[in-house]
Structure formats: C-alpha cells, structure tokens
Amino acid sequence: MLVLGIESSAHTFGVGIVKDGEVIANEKSMYSIGTHGMLPSRVAEFHAKVAKKVIGNALQKAGVKIKEIEGIGYTKGPGIGTCLQIGLLAAKTLAYRLNVPIAPVNHAVAHIEIAKHFGKLKDPIALYVSGGNSQILKLDKLSMRYRVLGETLDIGVGNMLDSFARSANLDPAWGSTVERVAKGGSYMAMPYTVKGMDFTFTGLLTYAKRQIGKARIEDLCYSLQETAYAMLCEATERALLLTKSKELCVCGGVAQSTRLKEMLAKLASLHRTKFGYAPNEFNADNGAMIAYVAEKALKSGHAEKLDACTITQKYRIENAEVYI
Amino acid sequence: MRLLSEGAEAKIYLVSIFGTLLLVKKRHAKPYRASQLDIMLRKMRTKKEAHAMLVAKNAGVSVPAVYATGSDEIYMELIKGKLMRDSAFDRKIIADVGIELAKLHSAGIAHGDFTPANILLTNKGVCIIDFGLAEPNAGIEEKAIDLLLMKRSLSKEFYLLFENAYAKAYANSSAVLRRLAEIEKRGRYQARTIANV
Ligand SMILES: Nc1ncnc2c1ncn2[C@@H]1O[C@H](COP(=O)(O)OP(=O)(O)O)[C@@H](O)[C@H]1O
Ligand SMILES: [Mg+2]
C-alpha cells in the first residue's frame, strides 16, 4: 500500500511516503527558531505556507504521482493546536480529493514504531525523549497500548536543554548546541533526581542557569548533559531489569544526541540487551513515521471516517491503540 | 563470594568471614556515565542507605544489622527468611508489616520501594530490607508513596488490614493517608502500574 503521512505537531512540517512498510520519501520544512523560541500562530502560518511545496517534494522524491496515493495519515496529537490543525486540514483535503482512506496517528507511537522498524526490534523498552516528553514505555500486548513505566515528573529533557541554551545565549538555542559546546567541558556536580523509574529536571535546570557566568560554559553544558542523560539511563536500566526485556530503543528529538546513544549502547551491552534506533532524520519530527503507522492502521482495517477526524492537543500515548 | 542477586543498582553477595555468613551489597561502576558522577552517586547512595538502616535499627524497626560500610559496599547481617512476595501470608503478618512501617515513618524515614519484594518473613517476624531508595528526612509525600506501593501490591482486604495497623501505630498517619488520597487523584498515577519488584 502507498501511504502519505503528514506531521505538523510543532515546528516541523513533514511529509513522508511509505510503500509496503518501507519509507520511500521523507521531506520536511522547519520553522527556524533562532534565539527566541517559537510563537504558535507564526508556526502555523509557516506550515500553511510550505504545505503544498513539501507535499510536492515528497511525491517527487518517491517518484509517484499524487493519484497513485492509496491512503493518508496525519498527526492527531499531542502537539500545538494551531499547528496540528494545518496538518489535519491538508490531510483531509487530500483524502477527500483522492477519495482514499485516512488514519489519525499518535505522534509518540509513531516515534517508537519507526525506531523499532529501523532498529529491527520486536518488543523493546522504549525511551522516548523529545522537547515536551521524556518517558519509558513498553507495549502491553493485551490492550495493545503503550504503558508508561516511568516519566519526567516535570519538564521534558529537550525543553530543559533548550531553556538552558536560551538563558546561556547559545545560537541556535537548542539541545544540539549544548552537545556541541559540551565537547571540551569537564564535570562539575549538579542536582541529580531519580525516583524509581521517574525523574525530574527543574532542579537541575535551575542550578545550571544560576551558574551561567560563574562557571565555564563548556563545563556547564557538559555537566548538564551528563547529569540529565545519566538520570535517563538509570531509570531505563531499572525498567530493563524489571521487565526482563532484552530489547531497547531510543526515539524522539533528543535521540539525535550522539552522547545519549553512546551511553544507552553501553547500558544495553551491560545487560546483553539489543539496542536500536532510527537514523536522525526519523528521530526529529517527520512525516515518514506518520505514514508508517497509518499504513499499518489502514491495512488492519482501522481507517477513520473523514468527518470524525480531529486533533487532540493532549493526546496521551496510553489512549492510542497500536496496530502491528 | 557467591552472587546471590542482581538489581539495577547493586549486586548482593554471600561472604563467609571467620566462619560467619554475611551479605555484601555492592554498587558496581556503571560504565555508561561520567566516572566522577558515577563515583559520587555510588558513594552517596551507599552512605545514605547504611545511614537509613542504622537509624531504623536504633528506632527499633526490624532491619538487618549493618556491620561495616565501604565507599560502595555495605556488609550486613544475613537474615534467614523468605520474601513476602514469594510466600503465603496471614492477617497477623500483614498487621506486623503495618507496624514496622509505622515505626520507620515515626523515625522520619521513608523506604522508597516498600513492596513485598523487599520484606522478608522469618520465624522471628517480618524484616524490612533494601533501603537503596530510602529517604532519612522524608516528607509526607514520600511516606504516602510507601503506602501507595503497598496498596498496589496487596489485595484490598489485606491492604486495609495493613493500613489499619499502620494508622494505629503512627501518630501522624492521618496526614499521610490524606496525602495518599490526593496522590491517587492526580490522574498520572491512575493510568500507570507501579511495577512490583
Ligand atoms: N539482609 C538480607 N538477608 C537476607 N537476604 C537479603 C538481605 N538483603 C537482601 N537480601 C536478598 O537479596 C535480594 C536483593 O536485595 P535488595 O537489597 O532488595 O537489592 P536490590 O536493590 O537489588 O533490590 C533481596 O530480594 C533478598 O532476596
Ligand atoms: Mg529489592
């Protein structure tokens, strides 16, 4: 089946095309945040402007004509309302015009499923780390829903790094810059909070921000990153032992971090666990993962009626049924 | 030294010293994290765990005696018994567990992982083990979490027996029970299963 998926939950407008479980196009356009963060209405405006072009790019990359598309997927949530609306509108318009079935997709499920696909994993513990989210999950085979084993009790690790980057005037102000500056830093002690399989980041963030100007920026970035990722690893390690799972994947925007993947690979080998993840373009927000999950939903007969397609800003992963 | 059990944080070994069997709980290095952080965490936690066990012991809680501590290991008394998780238990035992937790909380300590996997049943009564996540200066919230973990692990009938015994034996129990009700209302905990290890 040839399925086109649209992702627009935050600053990226992404369009992917999947054919019989393989990704054949993954195009995107990203709203540039510079050093000031993002305004939802501006981002939505941006999405509306680039939608047509990104869809065209994806079709061209895949070498297929729009009329050949057999199904549409879109991100139902979680995400920013105004941004999700643009994706929904584009998806509905296409599905209506082409007269093909449509499937709503949970953004977090899509991140995990695409990591499983590229990592060749069957039933892993998933560490999902993005801007707003940081969760440790496992699929419950009875309900076919992901179950949260542990999670951040306050903010997501990505937003934590971004917030620090803005306060420290790093350019661009986000996590990957922290990782770049961290090279050449040395360790200083920072607040570390793990409770069982849950963790919190605000104490760490507040402390690191207070040190700006007092300590070397390299040392701050290095220590902030080391502390945050060690917390994630410890909670993940507990989840692995608890569930006796022998597979692990990492996904979501922060999974682009080389250091985090290096740490998780060591953790996995410590417990003779298979570790996998998707290439970076699929860890960042993207349309291919939406198409990938939508194809499974459509193939297993779970299309949604066009009129019933909506968005849900706070769409919890536990509420999304998974079709394999 | 014989390996007895392996947890996420520590390994437990059986050692014989002067013909006496002891347990060593050792926190091994985690190669995935920065070595300074690794050393600091293992040191702090070992110290905290040993400290919580000592305070508990002095408060009359049934816990293994601590014989010695190193920077990343604790030598402790070997308790002969069976995990409550793997045993059949009666109403008397449940009430005893409630009383032990009351003593622990009265001493200002929250256990942090209070489940039947960390309670040993011996022929001299119950014994609380694994203070790896214990908080010696616990607030109401941490104490309420101890009850919550037990609630998730026991049948309704047994939990009520446990809670009654706890409430009778701990002067400040009503504040903890009120907090427990609050925590349960915060949706996040409803959707989750707190795993029982
Ligand atoms: N003092 C003790 N006496 C007897 N057995 C013990 C004692 N301490 C621990 N154990 C055994 O070792 C296992 C793991 O110890 P624990 O302290 O709970 O470590 P972990 O943090 O790995 O859960 C327990 O479940 C129990 O079977
Ligand atoms: Mg234990």
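A polar side-chain atom of Asp130(B) lies 2.9 Å from an oxygen atom of ligand 1; such a polar contact is a pair of N or O atoms within 3.5 Å. The model is predicted: local features need pLDDT of at least 70 and side-chain atom pairs pLDDT 80 or more, while totals for chains, interfaces and linings use all residues. Residues are numbered from 1 along each chain as its sequence is written, chains are lettered from A and ligands numbered from 1 in written order, and side-chain values use heavy atoms, without hydrogens or water.

| Residue | Protein atom | Ligand 1 atom | Distance |
|---|---|---|---|
| Lys25(B) | side-chain N or O | oxygen | 2.9 Å |
| Ile79(B) | polar backbone atom | nitrogen | 2.9 Å |
| Asp130(B) | polar side-chain atom | oxygen | 2.9 Å |

The protein covers 82% of the 540 Å² of accessible area that ligand 1 has on its own (Shrake-Rupley method, 1.4 Å probe). Domain 1 (2-77) and domain 2 (82-196) of chain B both contribute residues to the shell, so ligand 1 lies between them; the domain bounds come from an automatic or database assignment.

Asn118(B) is buried at 7% relative accessible area, whereas Asp130(B) is partly exposed at 26% (buried: under 20%; exposed: over 50%; partly exposed: in between; 1.4 Å probe, protein chains only).

Definitions and conventions:
Polar contact = N/O pair within 3.5 Å; in protein donor to acceptor, adjacent residues only side chain to side chain.
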